[in-house]
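I opened the notebook on a chain that was new to me. The entries below follow the order in which I looked things up.

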Amino acid sequence: HAPGEHLALIAADLVVFDCIEAALRSELPRALLCEYTSCYRQTNLGQLLDIAHEGAFFGDENVPALVMKYKTASYTIVYPFLMGCALAGKLDEQLHSQIEKAMYPLGENFQLRDDYLGIYSSQQKTGKSANDLVFSKYTALIHNAWLLSGEKRLFQDLFLAKNKSSP
């Protein structure tokens, strides 16, 4: 990585810690802060899995499923509901459990739709700058295609090829 990338990561960490410090000094409900830190942790774990297995891992269907759960479903669907309920002072264990039960599948479906668009749509239509095939993203759709292919080794070699071009 270029030195600027490392500096940007450290700067981002400092900003996050400043935000957490400010939040701790505020009168925000403790339950909201707890949900925020849980969201931040889960999202980063999902991102770590996503990066660690990008273009280099086949055979473990748990990886794309965990990325969908801990990364996308957490920050796009589950935790906004949890934090909203916490902010309203209505979050208890039963509601927390009900939200997770209902919202994780919704968030995972959101990610599946995003993966589909990342393969079959253009940047002009979606606004997405990355194509999952070009960047060898090991998504649930890719994993399932690999499982269904009659030529797993060939599929993997083609998927991981470095000279792919963007559609």
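Which residues does Val 78 touch, not counting residues up to four places away in sequence? I found Ala 73, Ile 99, Glu 100, Met 103 and Tyr 104, where a contact means heavy atoms within 4.5 Å.

Before going on I noted the ground rules. The model is predicted, so I kept to pLDDT of at least 70 for local features and 80 or more for side-chain atom pairs, while totals for chains, interfaces and linings use all residues. Residues are numbered from 1 along each chain as its sequence is written, and side-chain values use heavy atoms, with hydrogens and water left out.

Entry on Val 78. I placed Val 78 in helix α3, residues 62-87; helices are DSSP runs of H or I with at least four residues, strands are E runs of at least two, and both are numbered from the N terminus. Val 78 has a relative accessible area of 0% and is buried (buried is under 20%, exposed over 50%, partly exposed in between, with a 1.4 Å probe and protein chains only). I also looked up Pro 64, which is 14 residues from Val 78 along the chain, with 18 Å between their C-alpha atoms.

Entry on the whole chain. I listed seven helices and zero strands. Of the 167 residues, 31% are buried. The C-alpha atoms fill a box of roughly 55 × 40 × 30 Å along the principal axes. Among contacts with a separation of 6 or more, 67% join residues 24 or more positions apart.

Entry on cysteines. How many disulfides does the chain have? I counted zero, taking a disulfide as a pair of cysteine sulfur atoms within 2.5 Å. Cys 19 is partly exposed at 46% relative accessibility, whereas Cys 39 is buried at 9%.

Entry on the lining of the largest pocket. I noted five nonpolar, four polar and two charged residues there. Nonpolar covers Ala, Val, Leu, Ile, Met, Phe, Trp, Tyr, Cys and Pro, charged covers Asp, Glu, Lys and Arg, and the others, Gly among them, are polar.
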